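Student: I would like to learn how to read single features in a model like this one. Please take me through a few of them.

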Amino acid sequence: MTRVALIDDHESVRLGLEAALRRDGHDVVYSGVSVSAHLAWRQETAAAPADVVLLDLTLGDGATITENVVRLAGESAVIIHSVADRPAAVREALAAGAAGVVSKSSPLEDVLAAVRTTAGGEPLNNVEWASAVASDREFADAQLAAREREVLRLYAAGLPLKAVADRLGIAYSTAKENITRIRVKYTDVGRPAPTKVDLLRRAIEDGIVDAPAES
């Protein structure tokens with residue numbers, strides 16, 4: 001059962017999500033108005049981190065988007081549940097480590113599907129995310145070289161690094177150096193990719209690999 005936390009300063013939104021998530025078989029372990037309140041509750045109760053946190057993009061406590069996402073993303077997958085008409089804010093959340101974004105105007109089933117996908121460790125790729133990124137001219141290009149793009153395409157698609165090297169006819173050490181440079185380049189433009197799943201997200205965002213088909 002997926003443990004879900006809801007952080008939104010609109011009670012009506014939280015109540016609706018709680019009911020829908022429970023009907024879908026999820027365990028709503030926390031519902032509150034701020035990240036600070038959530039973390040204080042966890043400390044007081046010694047509760048384990050939620051698997052997924054649905055987080056409003058802008059809360060009323062004055063905390064920044066980056067602060068909120070960073071404080072949660074180290075232990076939980078963070079889905080931004082907000083309006084998707086603020087590309088710069090969405091980009092900031094993604095750069096800070098959010099798994100994706102679902103618009104508050106989306107049907108509840110889309111929100112539930114996002115929770116299920118993210119809880120399964122898969123990257124969340126949806127229209128709101130793609131639109132926010134595509135319309136933001138400041139979404140930084142990592143400027144990957146042709147060889148780096150090929151290495152990333154194969155590696156992000158699931159091949160082990162040794163298989164990538166064999167496929168491209170290069171040494172394993174060369175393939176490894178390419179992955180290291182790719183990670184550095186993404187970090188330098190504010191789009192860190194420390195894990196293979198993160199690299200897949202970046203590759204999808206930049207059109208290097210196709211997003212998985214919706215089932």
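**Contacts, burial and ring pairs**

Tutor: This is a predicted model. Start with contacts: Asp-56 touches Ile-7, Asp-8, Asp-9, His-10, His-81, Ser-82 and Lys-104, leaving aside residues up to four places away in sequence.

Student: Which side chain makes a polar contact with the side chain of Asp-56?

Tutor: That of Ser-82, at 3.4 Å.

Student: Where is Asp-56 placed, and is Asp-56 buried or exposed?

Tutor: Asp-56 is in the loop between β3 (52–55) and α3 (65–73). Buried means under 20% relative accessible area, so Asp-56, at 4% relative accessibility, counts as buried.

Student: What does the UniProt annotation say of Asp-56?

Tutor: The unreviewed UniProt entry carries the annotation "modified residue: 4-aspartylphosphate", which covers Asp-56.

Student: How is a pair of aromatic rings described?

Tutor: By the distance of the centres and the angle of the planes. The count here is 1 aromatic pair. Tyr-30 and Trp-41 form this pair, with 5.1 Å centre to centre and 40 degrees between the planes, and the pair is tilted.

Student: Which parts of the chain does the pair link?

Tutor: Distant ones: Tyr-30 is in strand β2 (residues 27–32) and Trp-41 in helix α2 (residues 35–45), 11 residues apart. Tyr-30 counts as buried because its relative accessibility is 11%, while Trp-41, at 22%, counts as partly exposed.

Student: Which residue lies over the face of Tyr-155?

Tutor: Lys-196 does, at 4.3 Å from the ring centre.

Note on methods: Residues are numbered from 1 along each chain as its sequence is written. This is a predicted model: local features need pLDDT of at least 70, side-chain atom pairs count only at pLDDT 80 or more; totals for chains, interfaces and linings use all residues. Side-chain values use heavy atoms; hydrogens and water are left out. UniProt positions are given in the numbering used here, feature names are shortened, and annotations may be inferred rather than shown by experiment. Helices (H or I, at least four residues) and strands (E, at least two) are DSSP runs, numbered from the N terminus. Buried means under 20% relative accessible area, exposed over 50%, partly exposed in between (1.4 Å probe, protein chains only). Contact means heavy atoms within 4.5 Å. A polar contact is a pair of N or O atoms within 3.5 Å; within protein, one must be able to donate a hydrogen and the other to accept it, and residues adjacent in sequence count only if both atoms are side-chain atoms. Rings of Phe, Tyr and Trp (its six-membered ring) pair if their centres lie within 6.5 Å; planes under 30 degrees apart count as stacked, over 60 as edge-to-face and the rest as tilted. A charge sits over a ring if NZ of Lys or CZ of Arg is within 6 Å of the ring centre and within 35 degrees of the ring normal.
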